[in-house]
Amino acid sequence: MAWYDRRTVFHLGAPAESVFATMIDPREFLAGWPRVGDVERLVDGDQDGVGAVHRGSIRSVLPFTLTWSMTTVRTERPELIEWEARGDLEGHGLWRMLPTDDGTEVRFRWQVSTTRRWMNVLAPVAHRALEWSHDRAMHDGARALARYLDAPLSGFRTA
């Protein structure tokens, strides 16, 4: 399996609690994310969202669609949400919402491996294209989250 470790950072002009409250339910914040299909909750979590399982899909900028399920494994209100991913991508994602004087610095680390055979076969030559596709999706998602929260977006970067 091909391994990816991507980091995304951006700033939203909204309080960390508002960002956290929106992101704790992926159905809510992914609804405005370009190319994301319907996200459904399969399992309810506890009062902090831990144990919730969601399933969805995303059409890549490249010509393919990924399907996944995410289990919320840890939360620390209002600063941290951690997911375990299963499906076409397996691994975990960690969101951090760090309060700033004028909003929230949002950091996301996505450490996953691909499970589809064709993606693993093509990984040696397509690795950069797949990273570019992820980074583009994250930028689209950050803009969608900013629109949803009616907050300015700045400082977007990926690595």
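1. Helices (H or I, at least four residues) and strands (E, at least two) are DSSP runs, numbered from the N terminus. Keep in mind that this is a predicted model, where local features need pLDDT of at least 70, side-chain atom pairs count only at pLDDT 80 or more, and totals for chains, interfaces and linings use all residues. Residues are numbered from 1 along each chain as its sequence is written, and side-chain values use heavy atoms, with hydrogens and water left out.

2. A cavity is a set of points, on a 1 Å grid over the protein atoms alone, where a 1.4 Å probe fits but cannot get out; lining residues have an atom within 4 Å of a point. Grid points are joined across faces, edges and corners, and a volume is the space filled by probe spheres set on the points.

3. The largest cavity holds about 530 Å³ of space. It has 28 lining residues, and Ile58, Leu66, Leu89, Trp110 and His134 sit closest to its centre. Helix 3 (117-149) supplies the largest share of that lining, seven residues.

4. The second largest cavity has about 30 Å³ of space. Phe10, Trp33, Trp95, Met138, Gly141, Ala142 and Leu145 line this one, and helix 3 again gives the most, with four residues.

5. Now for the rings: those of Phe, Tyr and Trp (its six-membered ring) pair if their centres lie within 6.5 Å, with planes under 30 degrees apart stacked, over 60 edge-to-face and the rest tilted. That gives six aromatic pairs. Ring pairs also link Trp83, Trp95, Phe108 and Trp110 into a cluster.

Technical notes:
1 Å grid on protein atoms, 1.4 Å probe; cavity = no way out; pocket = protein on both sides within 12 Å on 5 of 7 lines; lining within 4 Å.
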